[in-house]
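Here is a short briefing on one structure. Read it with the coordinates open.

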Amino acid sequence: MASTLPRDASRLGEFGALLFDLDGVLTPTAEVHMRAWSRLFNDWFDAHGLAPYTDADYFEHVDGRPRYDGVRAMLAARGVELPEGTDDDSADAETVRGLGNRKNAVFAAELDENGVEPYPGSVEFLDRAIALGVKVAVVSSSRNAVPVLVAAGLRDRFDVIVDGAVAAAENIAGKPAPDTYLEGARRLGLTAADCVVVEDATSGVEAGRAGSFGLVLGVDRGTGRDALLRSGADVVVDDLQEVVAALGSARASSSPDPARTAEADTATTSSADTTNTGTPDTTSTETAEAQP
């Protein structure tokens, strides 16, 4: 039976976990990604006589997708098909993965040169949630999640990180499929219904809706409020500071939805081994991401 509870910000204090996208939600690295994608595609399109790359292309074809999926989708939008290649293709290879690796090199250089500061409102929201005992995880399409979190000073907040490197290693489908968010919930020992997805990209919002998460909270960093709502966001804010108070000041009076208790207990038991090994998983990701 479908829940009749309202799907709005007033329910934020009821959920057991927040699953955060990274770029554009916790950190303004979306801007770094945008510059890196622009440099990649404008140079490549110009060299091949194609129409210039635009910010609209980023939001429609690239934003929120795993890197190679973004390359593939953007090329398809210009009627171009390249060989897939392999993950270890050089950055000058004329393949999907070669172009993706070239973009990653540009991104790494941008991050190294300029660093990144997290959004103050997002840090306030995150820290209030942690203080209230809410579980948190990062679920990002980026393979650079760990170095970005380190650069932003947020790495210590998260024991569970499901990023592009984890998805590739474990063959988990990327956004807009819900699989990475479902994996984040599983590693926290919770069901999707007990978790809030926090996203700024339409592909991520679609993933939250497709996974039947308890609430999908959209953050409008340029995608547009209407686009996020159309994609399935329940609530859209310009900054997470707007909903800090909705988390509440205490959770002692909150109780789980009785209709979900048995399911949540089963999920917790079945995923206990994975949850307890969340740190090794993210450590292996950090090792992989630390390499140029």
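Strand 1 (residues 17-20) and strand 2 (residues 135-139) run parallel and are joined by 4 bridges. Within this pair, Leu18 stands opposite Val136 of strand 2. The model is a predicted one.

**The sheet**
- Strands of a sheet pair through backbone hydrogen bonds, in either a parallel or an antiparallel way.
- Here, 6 strands form an open sheet with parallel pairing, in the order 3-2-1-4-5-6.
- The edges are held by strand 3 (160-162) and strand 6 (235-237).
- Each of these two has a single partner strand, so one side of each is left without a neighbour in the sheet.
- On average, neighbouring strands of this sheet are turned by 20° against each other, direction ignored.

**A helix across the sheet**
- Helix 5 (residues 120-131) lies across strand 1, strand 2 and strand 5 (215-219).
- Relative to strand 1, helix 5 runs at about 150°.

**Helix 1 against helix 3**
- Two packed helices are described by the angle between their axes and the distance between the axes.
- For helix 1 (residues 29-47) and helix 3 (residues 67-77), the axes come within 13 Å and cross at roughly 35°.
- The crossing of helix 1 and helix 3 is right-handed.
- Which residues meet in this contact? Helix 1 brings Trp37, Phe41, Trp44 and Phe45. Helix 3 brings Arg67, Gly70, Val71, Met74 and Leu75.
- The residues of this contact divide into 7 nonpolar, 1 polar and 1 charged.

Key
Residues are numbered from 1 along each chain as its sequence is written. This is a predicted model: local features need pLDDT of at least 70, side-chain atom pairs count only at pLDDT 80 or more; totals for chains, interfaces and linings use all residues. Side-chain values use heavy atoms; hydrogens and water are left out. Axes are lines fitted to C-alpha atoms, for helices over the stretch in contact, and angles run from 0 to 180 degrees between N-to-C directions. A crossing is left-handed if the near helix is turned anticlockwise from the far one by less than a right angle, and right-handed if clockwise. Contact means heavy atoms within 4.5 Å. Ala, Val, Leu, Ile, Met, Phe, Trp, Tyr, Cys and Pro count as nonpolar, Asp, Glu, Lys and Arg as charged, and the others, Gly among them, as polar. Two strands pair if DSSP finds at least two bridges between them.
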